[in-house]
Amino acid sequence: MAAEIQIDIPSYFVCPISLEIMKDPVTLPTGITYDRDSIEKWLFSGEADTTSAAATATCPVTKQALVDPDLIPNVILRRLIQSWCAQNSLQRLPTPKAPVTRSEIYRTLREAKSPEKQIECLKKIKAIASYSHSNRKAIESAPGAVEFLASLISSKTHKPDSKEAIDEAFTILFSLHLSETSIASLTDPAFVASLTTHMKDETFESRTHSSSLLDQILELATETEHHPLLSGLKPEFFIETSRILKDQISKKASKSAMKALINASSLGKNRIRAVESGTVPLLIELLIETQDKHICEMILSLLDLLCQCAEGRAELLRHGCGLAIVSKKILRVSRHGTERAIKILHSIAKFSPTREIFQEMLELGVAQKLGLVLEVDPASKTRLRSCEIMQIAVKGWRNSPACVHKNLLSLFNP
C-alpha cells in the first residue's frame, strides 16, 4: 500500500482566516494578505470589530482600524501559488475575475430601467451579486439601486414579463444581505403592503423572500420606534404570516414569519389582529410538534405577547392543549423558554383567574414545577412571577382534593 505523500504548504500561501491555500489573495492597507472570500466575509458580514466610532472595520491579524478597507489584488503571490500547485501536481487555481466597477453597475442599472433590456440586465446584476461580497456591497451602495429593485417588487403592472422581473428583483435584494441603512429606505407602508401581497404567491421563493424582508423591516421599525409603520399593518399581513407558519414551506420562512409577528405584536392593537387571524391555536399546535429549541423559544415569546391581551388568553385557554403544552415547556427548553412560559401562566393567573383554570394547573403539576423554578432560579423576576401565581391560586389549591404538599405551598412567600 503506497504511503500518502505529505506536502508542506508555504505559510505565506495560507489565508490567516480560513487557514487554506488562497485562491484570490488580496492585501489590506495594513500589509496583511488574505483570501478575498474570507476577508470580505470578515469585513461585510459584521464579524469585524465595529465598536469604535471612528472605525468601520479592523484587520483580523493586526487589529488596526481600517477607515477605507481597500482590497488590493496580490497578483505576484497568486501567480506563485498557481505555479507551486502546478509543480506539485495539485489542481491549478483559476485566475479570479476582477471585481465589478461602479461604472459597470451604474450602466447596468440604467439599462435595466428600459423595458426591453430589463430582464437581461437584472440577470446580469444577479450574476454579479453571486460572485463576491464586494460585488454585493457595490450594488447595494450604488445610489438608487435598492430603491429601484423595491419599485419593481411594488409594481402593479400586468405585463407578461413583469412576474419574471419581480422574481429577479426579489432574488437580488435577498442576496445582498441589506444593511440597516438600506432596510431603512424600505420602511414605506406601500412597499410593506406589496410584500404582504407577494406572501400570497404560489412560488416558494416569493413567499420566503417576502417574509424575510418583512422580518428585517419590522425589526428596524421596532428598534427605531417607527410606530406609524407598525400601526398601519393590515389584517392581511397577520393572515398571510400565519399562513406561512401553517404551510411550513421552509424553516427559514417560518422563522422570518415568526419574528415578523413578534415585532408587529410589540404594538398592543396588533396583538388583537394577530389573535383574530388564528395565530394562537396555530402556535400551540406548532409548540406541540416542534423539538427545535430556538423555534420553541420564539413560539413562547409570541404567545407571551399575545396573552397580554384578553383575546389571546381566551384563545389559549380555549385550546384543549394550551395550558398543558405551555406548562410542559417549563425547565425543558431553556432559561429563556422557562421565563416566557412562566410569564404566560402569570398573565392567565392575574388577568383570567377562574377556579377551573387553577384546578387544571394543579392537575398539570404546575405547582411542583414552580417549586423547582424557585430552587434553580432563586433570585429573578421569574421567581417573583412564580410566587405571584401561587399567591393568587393558593387558596383554591389548599382546599383541593389533589395532592399538594403543605411544605411546597409554604415556599411561595415572596
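Mentor: Gladly, and let's begin with R335, which is exposed because its relative accessible area is 55%. "Buried" stands for under 20% relative accessible area, "exposed" for over 50%, and "partly exposed" for what lies in between, with a 1.4 Å probe and protein chains only. Please keep in mind that this is a predicted model, where local features need pLDDT of at least 70 and side-chain atom pairs count only at pLDDT 80 or more, while totals for chains, interfaces and linings use all residues. Residues are numbered from 1 along each chain as its sequence is written, and side-chain values use heavy atoms, leaving out hydrogens and water.

Trainee: Which residue does the side chain of R335 meet in a salt bridge?

Mentor: First, the general idea: a salt bridge is a side-chain nitrogen of Lys or Arg within 4 Å of a carboxyl oxygen of Asp or Glu. Here, R335 pairs with E339 at 3.7 Å, N to O. Both lie in helix α19 (residues 335-351), four residues apart, about one turn of the helix. E339 counts as partly exposed because its relative accessibility is 28%.

Trainee: How are helices assigned and numbered?

Mentor: Helices are DSSP runs of H or I with at least four residues, strands are runs of E with at least two, and the numbering starts from the N terminus. In helix α1 (residues 36-44), D37 and K41 are four residues apart, and they form a salt bridge with the closest N and O atoms 3.4 Å apart. D37 is partly exposed at 38%, and K41 is partly exposed at 39%.

Trainee: In helix α5, how many residues apart are K137 and E140?

Mentor: They are three residues apart, about one turn of helix α5 (residues 133-141). K137 is partly exposed at 23%, whereas E140 counts as buried at 10% relative accessibility.

Trainee: How many salt bridges does the structure hold?

Mentor: It holds 16. Salt bridges can also join into a network, as they do for R207, E240, R243 and D247.

Trainee: And which residues form a nonpolar patch on the surface?

Mentor: Patches are made of residues with over 30% relative accessible area and no salt bridge; like charges are joined within 9 Å, and nonpolar side chains (Val, Leu, Ile, Met, Phe, Trp, Tyr) within 5 Å. Here the patch consists of L331, L372 and V376, with about 260 Å² of accessible area together. Such areas come from the Shrake-Rupley method with a 1.4 Å probe, and for residues only the protein chains shown count as cover. V376 belongs to helix α21 (residues 366-376) and counts as exposed at 58%.
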